[in-house]
Amino acid sequence: MAPPPPPLAASTPLLHGEFGSYPARGPRFALTLTSQALHIQRLRPKPEARPRGGLVPLAEVSGCCTLRSRSPSDSAAYFCIYTYPRSRRGSRRRTTRTFRTDGATTYEENRAEAQRWATALTCLLRGLPLPGDGEITPDLLPRPPRLLLLVNPFGGRGLAWQWCKNYVLPMISEAGLSFNLIQTERQNHARELVQGLSLSEWDGIVTVSGDGLLHEVLNGLLDRPDWEEAVKMPVGILPCGSGNALAGAVNQHGGFEPALGLDLLLNCSLLLCRGGGHPLDLLSVTLASGSRCFSFLSVAWGFVSDVDIQSERFRALGSARFTLGTVLGLATLHTYRGRLSYLPATVEPTSPTPVHSLPRAKSELTLTPDPAPPMAHSPLHRSVSDLPLPLPQPALASPGSPEPLPILSLNGGGPELAGDWGGAGDAPLSPDPLLSSPPGSPKTALHSPVTEGAPVIPPSSGLPPPTPDARVAASTCGLPDHLLPPLGTPLPPDWVTLEGDFVLMLAISPSHLGADLVAAPHARFDDGLVHLCWVRSGISRAALLRLFLAMERGSQFSLGCPQLGYAAARAFRLEPLTPRGVLTVDGEQVEYGPLQAQMHPGLGTLLTGPPGCPGREP
């Protein structure tokens with residue numbers, strides 16, 4: 001077997017060609033595609049010495065497609081890319097760049113060239129290898145991945161559904177991803193849904209909300225009898241809640257600058273469009289009653305959990321609720337007596353291991369009103385789907401072309417997606433029926449319907465019926481915690497114990513406690529560690545405020561605060577000795593009392609997109 005080709009330098013040209021513009025009377029361009037960017041230089045009417053907007057980093061590209069004119073006499077094909085560059089004010093704005101492929105005399109030849117560019121760009125976006133000397137054709141691209149999107153319409157300030165409709169669905173459609181979307185209706189709804197899913201029909205589950213919905217999904221997967229396979233399902237998060245800690249860590253992992261609100265959502269959506277996953281450590285938490293749940297984020301006691309729960313009444317403020325809660329918490333600062341024991345980390349974190357990633361998608365769309373091929377597609381309860389899904393593009397039509405296609409509603413009954421997709425004048429497109437799945441690729445599966453209320457579970461599946469009215473339910477996962485003795489029994493001698501009065505205790509897995517709060521700057525998704533941070537009593541309100549302000553930059557440990565402590569551990573036990581208090585797991589309140597937890601390295605898979613270079617965003 002021949003060795004794999006060496007990695008290409010960022011500046012090595014992969015494709016180069018001359019293109020016209022749309023409309024056809026516009027300038028002509030020279031395009032050069034490298035592994036990191038698309039370079040655009042104007043050739044006529046006057047070459048540019050320093051092209052304005054002539055560099056399109058692939059980190060800003062959501063996807064691409066090929067188009068054709070509605071005019072039968074136009075033999076050109078069109079190559080369109082969708083980008084989300086930053087404006088001068090720092091926010092992202094959707095932009096389309098459409099180029100005319102007209103170097104050949106026939107449409108078929110021009111279409112093949114446009115497809116070659118679209119395929120090469122899609123391979124780069126998805127991390128797929130390009131053939132060294134072989135022909136670049138759409139057959140290189142596997143079938144579109146199928147995502148299940150779960151949306152909490154009340155997330156954050158109630159903007160989750162609007163943001164999902166206006167930004168998320170257009171972007172993942174531009175990327176060629178296929179999806180079904182379900183709006184959750186109550187607490188633990190997502191947990192019940194994933195317990196009854198046929199997971200083989202999906203390539204990933206993505207929550208469009210805050211951190212709480214992903215907590216439900218992961219615990220639902222681990223509640224299944226087939227939890228060992230179910231937990232391998234890649235999960236992702238698109239931040240539309242008030243607490244977006246994991247999204248902040250994903251944003252940093254992707255190399256983007258810190259962001260909040262809509263900018264954070266667009267950054268994470270871009271990363272999701274790129275595909276690719278990363279191992280995700282999960283923390284098994286055993287509570288005083290013996291029940292167990294799994295955490296991907298944090299266990300908190302004291303100031304952090306007090307602010308989290310007491311600020312619930314300000315949820316309409318979005319992420320500002322935590323700022324207000326922090327001010328109120330500082331005004332009534334409490335201390336709590338307790339005992340913290342932990343098993344120190346004695347080995348370096350293991351190197352990253354191969355992970356499950358999304359299959360890659362092909363994307364070619366056409367402006368002609370050809371009927372879409374029949375799809376086997378079952379409806380989901382309160383859901384929308386991308387089949388059929390109109391994707392607006394520049395209106396490549398002449399005066400004599402057919403009337404534009406009508407704006408279609410999603411799945412025959414969902415909300416209409418029209419002007420928000422790309423601005424006035426964009427015309428909807430239908431999938432090109434000439435594009436078939438590559439040989440050997442899996443065919444579209446029949447997707448199980450999810451009906452109103454609890455999921456319908458076939459009798460032969462062996463899955464237990466869900467409990468519709470349960471609160472944060474205990475996990476029934478059979479995964480053993482081999483590092484933990486029974487709660488209440490003595491700990492092994494290699495554990496370290498601290499006892500005293502604490503202002504807060506935080507056990508965190510990823511780097512971020514909030515979208516803009518870096519609690520564990522060096523933490524990784526798969527380092528196999530739980531990062532313990534605590535603040536002892538005796539700290540002033542001003543010093544505690546300085547810690548949280550420094551946490552926005554991840555520099556709190558450089559302040560030299562004597563009350564601040566840190567340890568990296570593999571397991572820990574927390575025993576509150578104060579009769580009253582608040583404990584939270586992933587921001588959700590749990591029963592108050594002793595608890596213990598063990599980290600399970602790489603148990604899950606998180607959809608993160610490709611890693612970036614922090615601080616070097618394009």
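Mentor: We'll start with the whole chain, then go through some helices, strands and single residues.

Trainee: What kind of model is it?
Mentor: It is a predicted model.

Trainee: How many helices and strands does the protein have?
Mentor: The secondary structure comes to ten helices and 26 strands.

Trainee: And how much of the protein is buried?
Mentor: Buried residues make up 55% of the 618 residues.

Trainee: What about contacts between residues at least 6 apart in sequence?
Mentor: Of those contacts, 75% join residues at least 24 apart.

Trainee: Let's do helices. How do H2 and H7 cross?
Mentor: H2 covers residues 160-174 and H7 covers residues 261-274. Their axes come within 9 Å and cross at roughly 25 degrees. Angles under 35 degrees count as roughly parallel, so H2 and H7 are roughly parallel to each other. The crossing is right-handed.

Trainee: Which residues make that contact?
Mentor: On the H2 side, Trp163, Tyr167, Val168, Met171 and Ile172. On the H7 side, Gly261, Leu262, Leu265, Leu266, Ser269, Leu270, Leu272 and Cys273.

Trainee: What classes do the residues in the contact of H2 with H7 fall into?
Mentor: Eleven are nonpolar, two are polar and none is charged.

Trainee: Next, H6. Why is it called largely enclosed?
Mentor: Eight of the nine residues of H6 (residues 245-253) are buried, so the rest of the structure largely encloses it. The buried ones are Ala245, Leu246, Ala247, Gly248, Ala249, Val250, Asn251 and His253.

Trainee: What do the buried residues of H6 pack against?
Mentor: Helices H4 (211-222) and H7, plus strands E11 (235-239), E12 (277-286), E20 (512-514) and E26 (595-607).

Trainee: What follows H6?
Mentor: Glycine 255 follows H6, and its phi is positive, near 85 degrees.

Trainee: Zoom in on alanine 245. Buried or exposed?
Mentor: Alanine 245 is in H6. It counts as buried, at 0% relative accessibility.

Trainee: What does alanine 245 touch, beyond four places away in sequence?
Mentor: Asp211, Leu297, His512, Leu513, Gly514 and Ala515. Alanine 245 and proline 510 are also worth a look: they are 265 residues apart in sequence, and their C-alpha atoms are 8.5 Å apart in space.

Trainee: OK, what about serine 509? Where is it?
Mentor: Serine 509 is in the loop between E19 and E20. Its relative accessible area is 5%, so serine 509 is buried. Beyond four places in sequence, it is in contact with Leu283, Phe296, Leu297, Ala523, Arg524, Leu529, His531 and Met599.

Trainee: Strands now. What does E14 pair with?
Mentor: E14 pairs with E19 (residues 496-508) through five bridges, and the two run antiparallel. Three bridges join E14 to E24 (residues 583-585), again antiparallel.

Trainee: Which residues are bridge partners there?
Mentor: Tryptophan 301 has methionine 505 of E19 as its partner. For alanine 300, the partner is threonine 584 in E24.

Trainee: How many residues of E14 are buried?
Mentor: Five of the five residues of E14 (residues 298-302), so that strand is largely enclosed by the rest of the structure.

Trainee: And helix H8?
Mentor: H8 takes in residues 303-310, and seven of those eight are buried, so it too is largely enclosed. The buried residues are Phe303, Val304, Ser305, Asp306, Val307, Asp308 and Ile309.

Trainee: What is the strand order in the open sheet of seven strands?
Mentor: The order is E4-E3-E2-E1-E7-E6-E5, with antiparallel pairing. The edge strands are E4 (55-57) and E5 (61-68), each pairing on one side only. Neighbouring strands are turned by 30 degrees against each other on average, direction ignored.

Trainee: How many bridges link E6 and E7?
Mentor: Seven bridges join E6 (residues 77-83) and E7 (residues 95-101) in the antiparallel sense. Cysteine 80 has threonine 98 in E7 as its bridge partner.

Trainee: Last topic: which residues have a positive phi without being glycine?
Mentor: Asparagine 188 is one of them, at about 70 degrees. Aspartate 586 is another, with phi near 55 degrees.

Trainee: Where do they sit?
Mentor: Asparagine 188 is in the loop between E9 (178-183) and H3 (189-195). Aspartate 586 lies in the loop between E24 and E25 (588-590).

Trainee: Buried or exposed?
Mentor: Asparagine 188 counts as buried, at 4% relative accessibility. Aspartate 586 counts as buried at 3%.

Definitions and conventions: Residues numbered from 1 in each chain as written. Predicted model: local features only at pLDDT ≥ 70, side-chain atom pairs only at ≥ 80, totals over all residues. Heavy atoms only, no water. Axes fitted to C-alpha atoms, helices over the stretch in contact; angles between N-to-C directions. Helix = DSSP H or I, 4+ residues; strand = E, 2+ residues; numbered from the N terminus. Parallel < 35°, antiparallel > 145°, perpendicular 65-115°, else oblique. Left-handed = near helix turned anticlockwise from the far one by under 90°. Contact = heavy atoms within 4.5 Å. Nonpolar A, V, L, I, M, F, W, Y, C, P; charged D, E, K, R; others polar. Buried < 20%, exposed > 50% of the residue type's maximum accessible area, 1.4 Å probe, protein only. Pairing = 2+ DSSP bridges.
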